[in-house]
Amino acid sequence: MDYISINDQEKKEMFSSIGVSKAEDLFSVIPEKAKVKGLNLPKGLSEQELVSKFEILAGKNISLKQMKSFRGAGIYEHFIPSLVDEITGRSEFLTAYTPYQAEASQGTLQTIFEYQSLITQLTGLDVANASMYDGASALAEAALVSIRSTGKKKLLVSSALHPEYFQVLKTYLQGLAIDIKTIPLDGGNTSTKDLKNLFDPDTASVIIQSPNFFGQIEDLEEIKKLCEPAGFLLISVVNPISLGILKSPGEAGSDICVGEGQVLGNPSGMGGFTFGFMSCKQSLAWKMPGRIVGQTTDTKGRRGFVLTLQSREQHIRREKATSNICTNSALNALAGCVYLSGWGPEGFKKLSTLNLSKSRYAFEEIIKIKGFSAAFSNHNFFNEFVIKTTKDVNKLQSKLLDEKILGPLELEKFFPEFKNCLLFCVTEARTKKDIDKLVDILKEC
Amino acid sequence: MEKLLKEISVDGYKAYSVPEADVPIKDPGKILEDKLLRKKQPGLPEISEAELNRHFTRLSKENYALSTNFYPLGSCTMKYNPPVNEKISKLSGLANLHPYQSEDTLQGALEILFELEKNLCEITGMDAFSLQPAAGAQGEFTGLLIARAYFNSKKEKRTKIIVPDSAHGTNPASAALAGFEIVSLKSESNGILNPAKVKEVLTNDVAAIMLTVPNTLGVFEKDILAVEEAVHKNGSLMYYDGANLNALLGVSRPGNMGFDILHVNLHKTFSTPHGGGGPGAGPVGVKKFLADFLPYPSVKKSSEKYFLNYNMPKSIGRVRSFYGNFPVLVKAYAYILASGAEGLKRVSEQAVINANYLLSILGKKLNSPAGNRCMHEFVLSGKDLTLNGVRTLDLAKRLLDYGYYAPTIYFPLIVEEAIMIEPTETETKAALDEFAQTFIKILEEAKTDPEKLKNSPQNTPVTRLNEVEAARKPILHW
């Protein structure tokens, strides 16, 4: 099937208006060598056939609705209020484009303005953009801002940063002569002693994730103080759900804050329903990449919204643009906006506290089991924690899977030095019953 | 005007609530160090669910979208978005997968990625794809890093990228981000490249030329094979900006034209909704000799089992976390399966017929710098309107009054007072006729009542907005 409606009579009339006799005439300018004689693809499917084909494909996976997940590491399962899908599913949002014509796009523009406001509230910083692709590329863009605004060429990156974020950062910077140094670990946290030794006046930014990849909360304020008064930027990567209780990046002295927005009302989607959020201090607003919406007035003095500060962008400055971002993740950020709007400050704090409490409960129960112990002495973690085990990890994982549990992430996958260490995640989506069952199975392993 | 969330906030209201705790609740102040805790609560709004629903629903009605209005936005390919694609991408077995599940539990998802890659290779004439780039611009950036890695592997120092002025605005920005120097190339007055002029800028430090075919004037580069020969003779690479692929499905392939690297904007050609600005997807395809440089991981198949291949030592690395904008990839694959070989060819044929049909009517009224033939889109110049003090912007705003989203304006930069129209294949003849009549009516108004255009739009939720004030005194949040 296709989605075209035209009959022969109409086609004839169109050809006559154009002055050709057939469709091929319109392609005559293409050299024969560049043409193709039919694609080697199957015949089109009806909608009914299409849906059943995808139902079969979807059935070949085991979804998080069929398992209880204790896995996070960058993508998290949280409960999504029904209103979120109701709004993002509205075709007036779904099928609109980047709001180039402001008067016909006030809906999208105002939701972005609301989103920017919510992000600044949460992160305690002055300005937010309209979203980016994902947390990892948002971080890479933040690093570029730090390089451009300080004129310095060195980055100090915590070893407790999500490994895929580090990989993306390296990819983004490979065209530029930038020195990237990693700050070693001290237990499960960034080593402040090593940071001090590595820091020098050529440092453009220090990049710290908190809670970090191991779930541990970092002392951002202390890190900022250690390196002052040198003119560097502190870039923090945060989990927004944790900000219901944790000190905001702004309060802690961050200059730029980025993170993954999936946790705010988006499903796990194999890591595909992402959006990167980015906020920064006022002084960096003109250096910030991506789209930004601003408030203004119309000719009748009424409030309205437009894309603004556009002279930073690629369609005006071409090779001098602050970034090449054009398409972003507006719809996923809209989910984030609807999600953040419904809790109120107390409810959001409760949600954050519930995550903390459930993971703490699981942690305390697991370390009681023989053969499982806390990997780090510092227990400042949010909803993820690392457990060291003497058990056979492969056997343990397959036993959990048999019981329809998606077990913890094996840290060895990314950190060879953390052999036999497991990264558990417990969000509000897990019940005490789920946790107790996990604990029972671990006991039997 | 719809109020702001902050303005409808009432102390103590809430839309969502957390379940009652079934584990002991821990006071953060007791188990975490005090210095780590938030002192000031975030100023989140307090609103009932019903009011929140109404707020966002009302906002949705202040939008023009494909589902409500014709959207002839040149270069953006706003075609009909089949709801079945949405439905499929939200199937629980696809929407609720964790990226770090074991491959055994992701076989269906990996099969989709594997098959989509194969289909894209067939459609474009390339040998391998990475589905990871999250947007066209990220695809460009990825493609250029591949070019860089390729020349590095050959120990050749090539620092320049040629970008014609008829190319997309993101091209030079992406090339700069990848660390290249940009050589701008002027196209002829009809937007076409002159191979002789390409040769003049082809020095031995040129890594690649980035071409948009059909170009931003909606015209096929008729001398593409001569350009290709010169570029390859110079040892440089051919980069294809696939944002305009909607003109060529099943008719021609960039691979057959000699392109080495390309990106495809899946959200355009393969009809996944644009979501008010994203998410999109910009997979990058390459010829075999560049396949090793693609981002990792790739999806492979071995004895009927799909797996993620991380063993790619020459890879440029990763440009995005996990495996790309998966739901967008699912929708694009659904669109390809629904269309099939014949359907895809019909898409491009009809897109080109529709664009030429509109051009045959409107080209009589306004100057069309690229002539009377086009591919899937065309550009007119509103320069003649300026005699009455009316600008293309005014024409665009007046179209909003008549219920049309405005075409792209002031792009490409090489056409004075440009207006760029892309009707796509999914509009009916009746819809095109109605649009053309309205357009002509507005051109008449421009002569008889220019003030009307300058004061438009009047039928939209707000009248013309003060963009200068917005930039001069930025208000970026409540």
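Modeller: Let us start with a term that the discussion needs: a residue is called buried when its relative accessible area is under 20%, exposed when it is over 50%, and partly exposed in between. Please keep in mind that this is a predicted model.

Colleague: Is Tyr71(B) buried or exposed?

Modeller: Tyr71(B) has a relative accessibility of 1%, and therefore counts as buried. Tyr405(B) is buried as well, with a relative accessible area of 0%.

Colleague: How are the rings of Tyr71(B) and Tyr405(B) arranged?

Modeller: Planes under 30 degrees apart count as stacked, and those over 60 as edge-to-face. The ring centres of Tyr71(B) and Tyr405(B) are 4.0 Å apart and the planes meet at 10°, so this pair is stacked. It links distant parts of the chain, 334 residues apart: Tyr71(B) is in the loop between α3 and α4 of chain B, and Tyr405(B) in the loop between α14 and β11 of chain B.

Colleague: How many aromatic pairs does the whole structure contain?

Modeller: A search over all chains finds 36 aromatic pairs. One of them is formed by Phe376(A) and Phe418(A), which are edge-to-face, at 6.0 Å centre to centre and with 90° between the planes. Phe376(A) lies in the loop between β13 and β14 of chain A and Phe418(A) in the loop between β16 and β17 of chain A, so the pair ties together parts that are 42 residues apart in sequence. Both Phe376(A) and Phe418(A) are buried. Ring pairs also link residues into a cluster, whose members include Phe376(A), Phe418(A), Tyr100(B) and Phe322(B).

Colleague: Let us turn to charged side chains. How many salt bridges does the structure hold?

Modeller: A salt bridge requires a side-chain nitrogen of Lys or Arg within 4 Å of a carboxyl oxygen of Asp or Glu. The structure holds 44 salt bridges over all chains. In one of them, the side chains of Arg303(A) and Glu7(B) meet at 2.8 Å, N to O. Because Arg303(A) lies in strand β12 of chain A and Glu7(B) in helix α1 of chain B, this pair joins two chains. Glu7(B) counts as partly exposed, at 38% relative accessibility.

Colleague: Which residue of chain B forms a salt bridge with Lys358(A)?

Modeller: The partner is Asp22(B), and the separation is 3.0 Å, N to O. The pair crosses between chains, from helix α12 of chain A, which holds Lys358(A), to the loop between α1 and α2 of chain B, which holds Asp22(B). Lys358(A) is buried, with a relative accessible area of 3%, whereas Asp22(B) is partly exposed at 32% relative accessibility.

Colleague: What does a salt bridge tie together within chain B, in the case of Asp394(B) and Arg464(B)?

Modeller: The side chains of Asp394(B) and Arg464(B) meet in a salt bridge of 2.9 Å, N to O. Asp394(B) is in helix α14 and Arg464(B) in the loop between α16 and α17, so parts that are 70 residues apart in sequence are tied together. Asp394(B) counts as buried at 5% relative accessibility, and Arg464(B) likewise at 18%. Elsewhere, salt bridges that share partners join Glu13(A), Lys429(B) and Asp433(B) into one network.

Colleague: Which value does phi take at Glu304(B)?

Modeller: Phi of Glu304(B) is near 65°, a positive value in a residue other than glycine. Glu304(B) is in the loop between β8 and β9 of chain B and counts as exposed, at 64% relative accessibility. Glu417(B) also has a positive phi, of about 50°, but this residue is buried, with a relative accessible area of 10%.

Technical notes. Residues are numbered from 1 along each chain as its sequence is written. Chains are lettered from A and ligands numbered from 1 in the order in which they are written. This is a predicted model: local features need pLDDT of at least 70, side-chain atom pairs count only at pLDDT 80 or more; totals for chains, interfaces and linings use all residues. Side-chain values use heavy atoms; hydrogens and water are left out. Rings of Phe, Tyr and Trp (its six-membered ring) pair if their centres lie within 6.5 Å; planes under 30 degrees apart count as stacked, over 60 as edge-to-face and the rest as tilted. Helices (H or I, at least four residues) and strands (E, at least two) are DSSP runs, numbered from the N terminus. Buried means under 20% relative accessible area, exposed over 50%, partly exposed in between (1.4 Å probe, protein chains only).
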